[in-house]
Amino acid sequence: MQITAKPLSSVPFVSVDHMMKLVLGIGVERFLIELAGYIEDDYRRWQDFDKTQRVAAHSPGGVIELMPTSDGRFYSFKYVNGHPKNARSGKQTVAAFCVLADVETGYPVLLSELTILTALRTAAKSAVAARHLAPKGSRTMGMIGNGAQCEFQAIAFKAVPGIDTVRLYDIDPAATEKAVRNLAGSGRKVVPSRSGEAAVEGAQIVTTCTADKQHGTILGDNMIGPGGHINAIGGDCPGKTEVHPDILRRAEIFVEYLPQTRIEGEIQQLATDHPVIELWQVVTGATRGRSGADQIALFDSVGFAIEDFSALRYVHDRITAGPFSERLDLVADPDEPRDLLGMLLRARARNEAAVPARRCNSQERLADVSDE
Ligand SMILES: NC(=O)c1ccc[n+]([C@@H]2O[C@H](COP(=O)([O-])OP(=O)(O)OC[C@H]3O[C@@H](n4cnc5c(N)ncnc54)[C@H](O)[C@@H]3O)[C@@H](O)[C@H]2O)c1
């Protein structure tokens, strides 16, 4: 990664508009493949990172979370919410932004939208997990929950493990229609299903990405036979799960960061000593993936800070060329670092010199003048 040292006070900012241009410029499928590579690289050096479960502020309707991590050279944190009822008022269930900073100076080196990037990183990490855990030669994925994350997941699974047929189900038919429309012409067969059972029947990979703050049974025990891979991404909060506990008891369970997943993942329904494997151990080869063809592998994904770090690292590397960011005057940077008030006073003096004194009142903008 290249970090620009000067000017320190000017931080690249990737807005939603920039992010859309960047993703479309690279191409969604290629973006997902390259991002999956960054995530896998960071999973391989898992031990380099400071890891902590996210700081969550719960409310009856949702959660607001801060997700920090650092590899000692860079530090990142994400602000993200999860509000399942937001869709009813035209808002996203999940919205996010993020900062990447230089550990040596503490100065931010990137500020970015992360709502689109979260969908991309979630899909990319799901595909990384499936590449290591899904049965070889998997071709069909059943997806329950066809909201904002859905199509990114479908595209990532085509791009990485090679799925060519996607079956879709959502309790809201309009969501499925939207996903079918968006995936048209994407090179995969897209089949709307009349029920969750129909979507997952015979599929080698099953993805659950519903949003509802309750212990739901999106996957009942009778829906899952031996030998498949379950990519469970929607159960990511205390009291919010999708998979029946009997499936969990039959499955081999893989997680991102265990202390966080014990609280937030599907395994909150199991005893606290139920055995699970952290995915990085499989990615590095430290431990095996699925133990046999008849085993169910279940990726109990809640979203972990290192994946956002990887996504920011990827975006930072890609925005060096092209119109994909603007510079933000984010950090006050006086010529003499200790003279912060002096910077303000000089700005006022310059402002007063530029504006007749009689018009200089509290309504006028002093901050327009920078300390040069
Ligand atoms: N694990 C992660 O890293 C990660 C990342 C992002 C989002 N998420 C989670 O994924 C979930 C989906 O996120 P989103 O942004 O797509 O939300 P969304 O609100 O856009 O879509 C959710 C969809 O689920 C459908 N749904 C709800 N209950 C259902 C049911 N019983 N059966 C079938 N469909 C049902 C809704 O109709 C809706 O279309 C959320 O719970 C979110 O918190 C997890």
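**Ligand shell.** I started at the ligand and found 28 residues around it, the closest being Thr-93, Gly-147, Gln-149, Ala-175 and Gly-303. To be near here, a residue needs its C-beta atom, placed from the backbone, within 6 Å of the molecule. I noted α3 (115-133) and β11 (215-219) as the elements that give two or more residues to this shell. Helices (H or I, at least four residues) and strands (E, at least two) are DSSP runs, numbered from the N terminus. By class I have eleven nonpolar, 13 polar and four charged residues in the shell. Nonpolar covers Ala, Val, Leu, Ile, Met, Phe, Trp, Tyr, Cys and Pro, charged covers Asp, Glu, Lys and Arg, and the others, Gly among them, are polar.

**Ground rules.** This is a predicted model, where local features need pLDDT of at least 70 and side-chain atom pairs count only at pLDDT 80 or more, while totals for chains, interfaces and linings use all residues. Residues are numbered from 1 along each chain as its sequence is written.

**Domains.** Domain 1 and domain 2 both give residues to the ligand shell, so the ligand lies between them. Domain 1 puts 20 residues into the contact and domain 2 puts in 21; a contact means C-beta atoms, placed from the backbone, within 7 Å. On the domain 1 side, α2 (28-44) and β3 (62-70) give two or more residues, and α2 has the largest share, nine residues.

**Ser-301.** I found Ser-301 in the loop between β16 (296-300) and α10 (305-318). Is Ser-301 buried or exposed? Ser-301 is buried, because 27 other C-beta atoms lie within 10 Å; the cut-offs are 20 or more for buried, 12 or fewer for exposed, and partly exposed in between, with C-beta atoms placed from the backbone. Leaving aside neighbours within four places in sequence, I get contacts from Ser-301 to Ser-126, Asn-231, Ala-232, Ile-233 and Glu-256.

**Sheet.** I traced an open sheet of seven strands, ordered β2-β3-β4-β5-β6-β1-β17, with mixed pairing; strands pair if DSSP finds at least two bridges between them. β2 (55-59) and β17 (326-329) are the edge strands, each pairing on one side only. Inside the sheet, β1 (residues 10-14) and β6 (residues 108-113) pair in the parallel sense over two bridges, and Val-14 stands opposite Ser-112 in β6.

Definitions and conventions
Contact = placed C-beta atoms within 7 Å. Domains from an automatic or database assignment.
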